[in-house]
Amino acid sequence: MIKFKVITPSKGALERQVMEAIKRGIRSKLTGVFCPEHHQQPTVIVAGSINAPDIQLEVCCDKLKEALEVATGDC
Ligand SMILES: [Zn+2]
């Protein structure tokens, strides 16, 4: 289960829709990415503004970081 920490304010209905779309995109990209050692998924931190979100991934260790780099390397 991928956790989200949303720092970006999204007050209006439209902003919330955009935020949901951002989350959906990240979730679909990271589905199946687990730490081989801890079986954890990353925590996704969404900061910045709704138009220019700053996505950060919090990981349990370097192995998950590597797995993420493989999973997201082609973007
Ligand atoms: Zn780990």
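Strand 1 and strand 2 (residues 43-48) run parallel to each other and pair over 4 bridges; here two strands count as paired if DSSP finds at least two bridges between them, and both helices (H or I, at least four residues) and strands (E, at least two) are DSSP runs numbered from the N terminus. Two of the pairings can be picked out by residue: Lys3 has Thr43 as its bridge partner in strand 2, and Lys5 has Ile45. This is a predicted model, in which local features need pLDDT of at least 70, side-chain atom pairs count only at pLDDT 80 or more, and totals for chains, interfaces and linings use all residues. Residues are numbered from 1 along each chain as its sequence is written.

The pair belongs to an open sheet of 3 strands, ordered 1-2-3, with mixed pairing. Strand 1 (3-6) and strand 3 (53-58) sit at the edges with a single partner strand each, so one side of each has no neighbour in the sheet. From one strand to the next the twist averages 20°, with axes being lines fitted to C-alpha atoms (for helices over the stretch in contact) and angles running from 0 to 180 degrees between N-to-C directions. In a regular strand the side chains alternate between the two faces of the sheet.

Zooming out, the chain has 2 helices and 3 strands, which follow the pattern β-α-β-β-α along the sequence. Strand 1, helix 1 and strand 2 form a left-handed β-α-β unit; a crossover would be right-handed if, with the strands pointing away from the viewer, the path from the first strand over the helix to the second ran clockwise.

Helix 1 (residues 13-30) includes Glu20. Helix 1 is hardly covered, as the count of buried residues among its 18 is 0. The cut-offs are 20 or more other C-beta atoms within 10 Å of a residue's own for buried, 12 or fewer for exposed, and partly exposed in between, with C-beta atoms placed from the backbone. Glu20 is exposed because 11 other C-beta atoms lie within 10 Å.

Just after helix 1, Gly32 takes a positive phi of about 90°. Further along, the loop between helix 1 and strand 2 holds His39, which has a positive phi of about 55° despite not being a glycine. Most residues other than glycine have a negative phi. His39 is exposed too, with 9 other C-beta atoms within 10 Å.

For the chain overall, the C-alpha atoms fill a box of roughly 40 × 20 × 20 Å along the principal axes, and buried residues make up 4% of the 75 residues. Of the contacts between residues at least 6 apart in sequence, 59% join residues at least 24 apart, a contact being two C-beta atoms, placed from the backbone, within 7 Å. As for confidence, the mean pLDDT (the predictor's confidence in each residue, from 0 to 100) is 93, and 97% of residues reach 70 or more. Confidence is lowest in helix 2 (residues 62-72), at a mean of 92, and highest in strand 2, at 97.
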